[in-house]
Amino acid sequence: NPNASVCVYMNPPHINETRKVGQYRAAFTMWESDKVPDRFIHCFSKYDQIIAPCQHNADLFSKHHPNVSYVPLGVDTSYWKPTKREANSTFRFHAGGSGWQRKGLDIVVKAFRQLKLPNAELHIKAARHAKDTPEEARGENIYLHRQWMTQDEMRTWLNQSDCFVAPSRGEGFGLIPLQTIALGIPTIISDTSGQAQFTHLATGVISSGKSVSKNFGGTWDEPKVAELAEAMLDHYRNDQSVKAKANAKLATEFSWANATKKLLDVLPVGKLLVAPAEEKIVLSLPIRVNKTIKADIGKESF
């Protein structure tokens, strides 16, 4: 409601909206490295509260704003849930995301090539607009999927995997691996930033060092290739036992119902602001008609 006394803007903070008189404003935003960009810092003061979807971001933003809260995003568990599928004749690792480097897709390729597994494939969903996706990533049993997918097609594609791999270097939250967990797919993730919130739900967790983030500034996490290869090998060799451990019901911890409750818990109670009465202004001005014309606009004539 435009007259709400409490408004949450889920945008980068420098995308500002006009504040109404008496309105409490919160910015729900995220960042993927350990250095907040100047454009964020400059605008933080325009908000009464900053909300971050992971504890890493909450700690980071607290250096630049006195009122910061952690509220996770959610997953629709009525949509992202175990669905019957045909068994694969070849073991399929899936990975993907909009940024090749940030999502650690290069790490996935390195680990997969090191293993040289018989009867295994690596399928990577790379966004069409992603400029950092190297075509040389293609190789034996490695397939890039660059076509646009609807949400239903994406769910079907993810559900075809025997194991989803997400060794991300930096996440504000990390929604896709949480969706695969909700599908009941064995999922390997790095313990980075946003994904650290749900490592206890994954069937495999990769530790990280640190590396410089050229695109985002500062540093971010650097998942270990050898550790990822070991986890992928374990999922490959122990396919059935790992699938038995994958518990889709655990994802309900991050349902939208729970996320909404947590959001309401950190916000002040709101009300509707009284809209100011419209002032009627009567102007007495001389009017001179220079030319009269007939205009046809659509089906109307003036």
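The model is predicted, and local features need pLDDT of at least 70, side-chain atom pairs count only at pLDDT 80 or more, while totals for chains, interfaces and linings use all residues. Residues are numbered from 1 along each chain as its sequence is written, and side-chain values use heavy atoms, with hydrogens and water left out.

Strands (E, at least two residues) and helices (H or I, at least four) are DSSP runs, numbered from the N terminus. Two strands pair if DSSP finds at least two bridges between them.

Four strands make up an open, parallel sheet, in the order E1-E2-E3-E4. Strand E1 (6-9) and strand E4 (68-70) are the edge strands, each pairing on one side only. From one strand to the next the twist averages 25°, with axes being lines fitted to C-alpha atoms and angles running from 0 to 180 degrees between N-to-C directions.

Then go to the loop between helix H3 (105-115) and strand E6 (120-126), where Lys-116 is found. Lys-116 is not a glycine, but its phi is positive, near 50°. Lys-116 counts as exposed, at 70% relative accessibility. Exposed means over 50% relative accessible area, buried under 20% and partly exposed in between (1.4 Å probe, protein chains only).

Finally, select Asn-119, in the loop between H3 and E6. Asn-119 also has a positive phi, about 60°, although it is not a glycine. With a relative accessible area of 48%, Asn-119 is partly exposed.
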